[in-house]
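Me: I'm new to this one and want a quick tour. Can you walk me through the helices and the core?

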Amino acid sequence: MGRKSDNDTPFEDDAPPSRSQLKREMQELQALGERIIALEPAVRARLPLSDDMREAVEETGRVRSHEGRRRHMQYVGKVMRKEDRDAIRAAFEEIDNEHVQRNAAFHRLEQQRDRLIEDDEALEPFIEAHPQVDRQALRQLIRNARSEKQRGKPPASSRKLFQLIRDTAGL
């Protein structure tokens with residue numbers, strides 16, 4: 001009764017990964033490598049990469065032929081095996097969250113700009129919230145943006161108003 005049968009242990013623990021599984025893992029590592037390569041150098045510097053990985057990423061720019069790039073990406077995938085993938089993914093997640101937050105902040109600024117153009121009542125609360133704003137320039141840009149909108153002109157003043165609001169908000 002205390003005996004264990006062979007069926008009690010899962011099959012997956014005993015068998016090595018299949019060739020298909022190894023191929024999928026390698027493709028995943030190559031895709032992660034591609035994502036690292038696509039980053040701007042300043043953003044890439046924030047990732048916890050080894051010196052070997054940094055060299056492989058820098059080498060990618062010097063590879064010109066299609067076949068050479070394919071082989072190099074296989075090499076990048078091989079180097080990625082030694083990297084701390086969880087730390088890299090966590091860094092990517094942090095970078096992605098920053099982008100989401102920045103986009104949300106820009107959307108709020110766009111809404112603020114639209115409120116300033118549409119509603120005279122929105123000007124005073126904005127000035128109270130941002131006392132350092134150039135009031136004269138703000139009012140002039142609002143007037144010009146309204147005029148452009150009424151005449152169906154391109155929104156040049158609206159863009160300048162957005163830039164003023166963005167600079168005032170410090171983004």
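Reply: A nonpolar core is a set of buried Ala, Val, Leu, Ile, Met, Phe, Trp, Tyr and Cys residues joined through side-chain atoms within 4.5 Å. Buried means under 20% relative accessible area, exposed means over 50%, and partly exposed is in between (1.4 Å probe, protein chains only). This is a predicted model: local features need pLDDT of at least 70, side-chain atom pairs count only at pLDDT 80 or more, and totals for chains, interfaces and linings use all residues. Residues are numbered from 1 along each chain as its sequence is written, and side-chain values use heavy atoms, with hydrogens and water left out.

Me: OK. How many residues has the largest nonpolar core, and which have the most contacts inside it?
Reply: It has 19 residues. Those with the most contacts inside it are Ile 36, Leu 47, Met 53, Val 76, Met 80, Ile 88 and Phe 92.

Me: Which elements give two or more residues to this core?
Reply: Those are α2, α4, α5 and α6. The largest share, 5 residues, comes from α2. The labels follow DSSP runs numbered from the N terminus: helices are H or I with at least four residues, strands are E with at least two.

Me: And what lies apart from that core?
Reply: Another core, of 16 residues. Val 133, Leu 138, Ile 142 and Ile 165 are among them.

Me: Back to Val 76. What does it touch?
Reply: Val 76 touches Gly 33, Ile 37, Met 53, Ala 56 and Thr 60, not counting residues up to four places away in sequence. Contact means heavy atoms within 4.5 Å.

Me: Now α2. Which of its residues are buried?
Reply: Met 26, Leu 29, Leu 32, Gly 33, Ile 36 and Ile 37. They cover an arc of only 145 degrees around the axis, so they sit on the same side of α2. The arc is that of the directions from the helix axis to the C-beta atoms. On the other side, Lys 23 and Ala 38 are exposed.

Me: What do the buried ones pack against?
Reply: The buried residues of α2 pack against α3, α4, α5 and α6.

Me: What span should α2 have?
Reply: At 1.5 Å a residue, its 20 residues should span 28 Å. The end C-alpha atoms are 28 Å apart, which agrees. The expected span is 1.5 Å times one less than the number of residues.

Me: Switching to α4. Which residues are buried there?
Reply: In α4 (residues 51–60), they are Met 53, Ala 56, Val 57 and Thr 60. Seen down the axis, they fall within an arc of 100 degrees, so they line one face of the helix. Asp 51, Glu 55 and Glu 58 are exposed on the other side of α4. The buried residues of α4 pack against α2, α3 and α5.

Me: Last one, α6. How many residues has it, and what does it reach?
Reply: Helix α6 (residues 85–118) has 34 residues. From first C-alpha to last, α6 reaches 49 Å, close to the 50 Å expected at 1.5 Å a residue. Its buried residues include Ile 88, Phe 92 and Leu 109.

Me: What lies over the face of Phe 92?
Reply: Arg 35, at 4.1 Å from the ring centre. A charge sits over a ring if NZ of Lys or CZ of Arg is within 6 Å of the ring centre and within 35 degrees of the ring normal.
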